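Keep the selection tool ready.

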Amino acid sequence: MHPVQFYHIKGKDFHNAGRTSTTIKRFLREKEYPSQVIQRIAIIAYEAEINIACYTDYGYFFLYFLGDRVRIVVKDRGQGIADIDQAMQEGFSTASDEIRKLGFGAGMGLANIKKNADIMHIKSMPGVGTVLKIDVIVNSEGRSDDMGTTLREIMDRANLENLTEGLDLDKAVTGGYAGDLLSDVNANSSAGNVWVTVLSHPNVTAVAGLKDLAGIVIAGGIRPGADFVEKAYAEKIPIMFTEMSAFDVVAMLSTMGVSGNS
C-alpha cells in the first residue's frame, strides 16, 4: 500500500485552516467519487485539520485509495490527548478562549470524525501527539430533499443584498440551518442548506464549501470584510447580507416552507 496523497499542515495557522480539506474535496471530485463519500471525507479532513491548527505544532495527512475504501491517516506533533474517551464526547473541549472566539473549539471535532467514519482508530500520547486512522467505505450515494425554492427566490422575498454577484443562486434549497459554531454547522447541516449566521470569519465559507451548502445569509447587520467575500468566490458559495436579525431570517424562511434539518 502506497500513499497517493500527502498534505502538511501548520499548527496555529487559522488563516489557512480548511484549505487542505478543500483541496482533498476537489481531488475526490476530479476522481468522480460518490458525492456522499466526498462530503464525509471532507468533513473528516476538515475536523482533523482544525484540530491540528488548534492543538499542535504541525501535522500531516496521508490518503490511501484502496479498492473499496479511502483510508485517511492523520499524524500530529502537539499536546496529545490525556483521556481519549472523554475527548470523544460531544461538547468536551480544552480550547482556549482565543480559539473559541474564532468559532472553533466546540468539542465536536473527534465526534464528527467518528460519525462520518466507517472505521476509526485513535491513539495518543500527552505531550507528544496523536494518530488517527480512518476508513470511509465507497458504496452509496446520498439523497436530496428539495424544498421547492432557490436562494434567488429567498433573496428576492426578503430583499437580501447579494455580496457575490455572478455566483449560482438557482440551486435547489434542501433546508435551513442557523448556528454560529463552525463545528456544529459542520456536524449538523446538510448539502443544499441555507446557513443563517452572524459570523463573519472567512473560515465560514470553508465550512459552507465543504458541506456543499446553497449559500449563507449573514444576519444582524454584521457585514463581512473583503477577505470573506474573496474566499466565498473561491468556494463558489453565494453570500447574502441583511440587517434583519438571525431570528427574523429564520422566521421568514419558514414562511417559504424552508424547514430545519430533522
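This tour moves from strand to strand and ends at a helix.

The model is predicted: local features need pLDDT of at least 70, side-chain atom pairs count only at pLDDT 80 or more, and totals for chains, interfaces and linings use all residues. Residues are numbered from 1 along each chain as its sequence is written, and side-chain values use heavy atoms, with hydrogens and water left out.

Select strand S9, residues 215–218. Strands (E, at least two residues) and helices (H or I, at least four) are DSSP runs, numbered from the N terminus. Gly215 and Val217 point one way, Ile216 and Ile218 the other. In a regular strand the side chains alternate between the two faces of the sheet. All four of these residues are buried; that means under 20% relative accessible area, while exposed means over 50% and partly exposed lies in between (1.4 Å probe, protein chains only).

Strands pair if DSSP finds at least two bridges between them. Find Val196: its partner in S9 is Val217.

From S9 the chain crosses through helix H9, residues 226–235, to S10, in a right-handed β-α-β crossover. Right-handed means that, with the strands pointing away from you, the path from the first strand over the helix to the second runs clockwise.

Which residues of H9 are buried? Select Phe228, Val229, Lys231, Ala232 and Glu235. Turn to the face away from the buried side: Ala226, Glu230 and Ala234 are exposed there.
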